[in-house]
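This report considers salt bridges and helix packing in one protein model. Please examine the sequence and the structure shown below before reading on.

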Amino acid sequence: MVTAPRQRNQFNVLRQQIYSSLEKAQAQRNTFKCNNARLITANIILSTVAAVLAGFSGTAGTAATWKPICIIAAVCSGGVAVTTKMQTPEQLTEACECVGQLKALRVEMITTTGDLEEISEKYQQILSEFSTIDC
């Protein structure tokens, strides 16, 4: 059990660092989620517009309108390719994993009178494992 005042202070400092890292990781995860949601929406809209325009130019388009309509549909299709490449599902997954591990460590600190060194090592391992996540 953590009893010495110095050790208790170190425990509280570590706890605060873990809480701070968790907040940063959660903020980054939320940013990734919002960005991916926007890009998915853009994909759906652009692909729908491209399909409608291509269908329209093939069925109701005239000799004068089918070329410009097909060009716009092609631009929309290119937009789909670009927004698909901009999505970052790997970063979102990594941020979610980091948040999960930090939450587990936070719970461990609350529910245990565990070894300060062991918890500190786990925390450092999480930080090094998820070095691409700003936590």
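## Terms and basis of the model

A residue is called buried when its relative accessible area is under 20%, exposed when it is over 50%, and partly exposed in between, using a 1.4 Å probe and protein chains only. Helices are DSSP runs of H or I with at least four residues, numbered from the N terminus.

The model is predicted: local features need pLDDT of at least 70, side-chain atom pairs count only at pLDDT 80 or more, and totals for chains, interfaces and linings use all residues. Residues are numbered from 1 along each chain as its sequence is written, and side-chain values use heavy atoms, with hydrogens and water left out.

## The salt bridges

Side chains of opposite charge can pair when their charged atoms come close. A salt bridge is defined here as a side-chain nitrogen of Lys or Arg within 4 Å of a carboxyl oxygen of Asp or Glu. How many salt bridges does a search of the whole structure find? The search finds 2.

One of them joins the side chains of K122 and E108, with an N to O distance of 2.9 Å. Because K122 belongs to helix α4 (residues 116–129) and E108 to helix α3 (residues 89–111), this pair ties together parts that are 14 residues apart in sequence. K122 is partly exposed, at 30% relative accessibility, and E108 is also partly exposed, at 23%.

K122 also forms a salt bridge with E118, at 3.6 Å from N to O. Both of these residues lie in helix α4, where they are 4 residues apart, about one turn of the helix. E118 has a relative accessible area of 41% and is partly exposed. Together, E108, E118 and K122 are linked in a network of salt bridges.

## How α3 and α4 pack

The axes of α3 and α4, which are lines fitted to C-alpha atoms over the stretch in contact, come within 10 Å and cross at roughly 175°. Angles run from 0 to 180 degrees between N-to-C directions; those under 35 degrees count as roughly parallel, over 145 as roughly antiparallel, 65 to 115 as roughly perpendicular and the rest as oblique. The two helices α3 and α4 are therefore roughly antiparallel to each other.

Contact means heavy atoms within 4.5 Å. Residues of α3 including C98, L102, L105 and E108 meet residues of α4, among them I119, K122, Y123 and I126.
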